[in-house]
Amino acid sequence: MRSTLSLKDRFSRWLPRLVLSPSLVAIIVGVYLFIAWTGWISLSSSKMVPKYDFVGLEQYIRLWSTPRWETAVANLFVFTVLFLAITIAIGLLIAILLDQQIRAEGFLRAVYLYPMALSFIVTGTAWKWILNPDLGVEKVVNDLGWTGFVFDWITRPEYAIYCVVIAAVWQSTGFAMAIFLAGLRGIDTSIIKAAQIEGASLPRIYLNIIVPMLRPAFLSVIVLLSYISIKSFDLVLALTGGGPGNSTEMPSTFMFSATFRRNQMGVGAASAMMMLMTVAAIIIPYLYSELKEARNEH
Amino acid sequence: MKLITLLAASISLLPVAAMAESKGTVEGIHHWVSESEVNALKVITDKLASKGYTWQDSAVGGLSGANALQALRTRLAAGNPPTTMQFLGYEGLDWAKEGVLRSLNDLYAKNGWDKALAPQLLVFVKSDDTFISLPINMHRQNWVWANKAVFDKAGIAEPKSWDELIAAGDKLKAAGVVPLAIGDEPWQILEVFEAIVTDVNGTEFYKKAVIDLDEAALSSDQMVDAFDKLRKVRGLVDDGFTGRDWAVATGMVASGKAGMQIMGDWAKGEFLAKGMKPGEDFLCFPTPAATANFKFIIDAFGVFNNDDPAVIAAQDAWAESIMDPEVQKNFNKIKGSIPARSDVSVEDFDACAKRSFADREAAVASGNMVGGLTEGFAAPPQFSGVFSDVVGKFFVTDMSSKDAVQALVDGINNAR
């Protein structure tokens, strides 16, 4: 009797590990092993096919003296900052407005959320036409009579990256809105009422009470959007193809062209490692603080 | 009961059917997926079928063959290469260095194919002393395509120098036509730039600067001058050139919205598809050079090492199908290029192809036939990539010619 119980006990103790082990193996091989492999390749002289020699940091030096890579890194920062700030600001504003118990809220929510259902390829292609001065906004406004109107950012290397921001914001705002709306729904309305009785104005209530209470929603939005911005590849390819004149190059498009189109596998691997380090620099402190908080709660 | 007899009958027939059908299979990876390309390929595979072999198509389209190369890498890593693979530019030579390609020396010796090929072309077909690939066609890169009605109306004849071409463009602009149809994709701009470099300075300079990547030639005044000319060409382009596909640009010339386009002879198919006739509705002439030159691009097939005599026999049949003069003729009539073999008659080809064929003969004789940089037949991709980066950036910004030359030299040195 006792022995069967302990067998059952042992089995139930081992079951979670058994169930988890296949996915653990898959992740170790598919993610960490290949991260290590990429790291190794970035230290080799690999060109068209992997070569397992050692040349130290030569590929990193080569990477950092490539002007296109510098453009890509600068673009990543400009894009991430603007994309996050604008998406969050507009998403939050729409969420707050939708939260005012308005009519047809379900319909409006669907309208704002719909761009999220499109792939970045579709978004990029559509915005390529909308932003083209001979086909899109500029032409429509000119045809309406305002002939002096100029909106040709997509043709100008110094502004083209903002076009990528516009398209990405259009795509992701609804998503930010949905998360903020869920957060707002979780806030007890009696808080608002209590504040109103105290005589606080509505903007003040939102700014000082509601928004700080949305902290978890902010964190999810920031993490998810930053990861969209770091892996943004399809949007750039569809919208500008990295142009004009490589001015909208991103680290991900740089990595692809170096590795697969220019026989510079070593440089491509080095750029992938740089991307990994950037992500790690953001994610590790975040995970650390989250885990610390979880531990403190106990 | 009926079903069972049917099954039994079909099973007993199976081996017979298979035997009658094919002596073996030739599997090929290629990136020909458009309608004319598929029809052209069918000319080769029909010939293969007449030799008793089955063609197994493994087309991987997209990105000028970059996706197909990815597929090949995977197959080679898995130890399961296809029978044959389409190569552009240095790809074949690179794979030969990896030691995966079969030597075709026996077939070349037996059939004397090398005598039918231009010597400049052998550079891409032969790795050291080993023949490694089978060229099927040759495209010419340095063409100008013009709308004849637009040219006649503006009173423009075929320009004989780049200055004349730019002057003609100004005339077209005055007539309210977009002078030059182009997109802002770096490769489209690079086609124009390398034409200027070669046409103005000659093929010797091109070889030194672009193929040998000689630093003195790259940083020379001729290079600065070429960028100056490209800056003038920029003035012939409309504002809507962002993200414009080359075929859309060809369409602008065809419709008369634009006067001309500088593009390889794959653009011809776009005119022909609209029912336009060369010489009557549209004009084709080489980019204006002081000394005529010919920029070539070839598509070639290589075959992979294998010990199985049955596979080797299938490869031989495939090779003989590609190099068959009749196949080369019919293939290229559909594809819009000219036969890679110089000994195939092009009598019943269109006027543009005939001109291409005659120019090639002259260029081979005078030593002015060179590989096109844009399509990967001059410098390897890590260097041609630098050219397209700098030229693409120069075209869309107000970068000075001197800075562009400096960026070019630095970029090339960094990629060495």
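**A close look at the sheet**

A: Start with one pair of residues: A146(B) sits opposite M260(B), which belongs to β9(B). This is a predicted model, where local features need pLDDT of at least 70, side-chain atom pairs count only at pLDDT 80 or more, and totals for chains, interfaces and linings use all residues. Residues are numbered from 1 along each chain as its sequence is written, while chains are lettered from A and ligands numbered from 1 in the order in which they are written.

Now the strands themselves (DSSP runs of E, at least two residues, numbered from the N terminus). In chain B, β7 (residues 143-147) and β9 (residues 258-262) run antiparallel to each other, joined over 3 bridges; strands count as paired if DSSP finds at least two bridges between them. Both belong to an open sheet of 4 strands in chain B, ordered β8-β9-β7-β10, with mixed pairing. At the edges are β8 (178-180) and β10 (282-286) of chain B, each pairing on one side only. From one strand to the next, the twist averages 20°, using axes fitted to C-alpha atoms and angles from 0 to 180 degrees between N-to-C directions.

Chain A is another story: it has 13 helices and 0 strands, helices being DSSP runs of H or I, at least four residues. Its radius of gyration is 25 Å, well over the 19 Å from the globule rule for 298 residues, so chain A is more spread out than a compact globule. That radius is taken over C-alpha atoms, and the rule is 2.2 Å times the number of residues to the power 0.38. Along the principal axes, the C-alpha atoms of chain A fill a box of roughly 70 × 65 × 30 Å.
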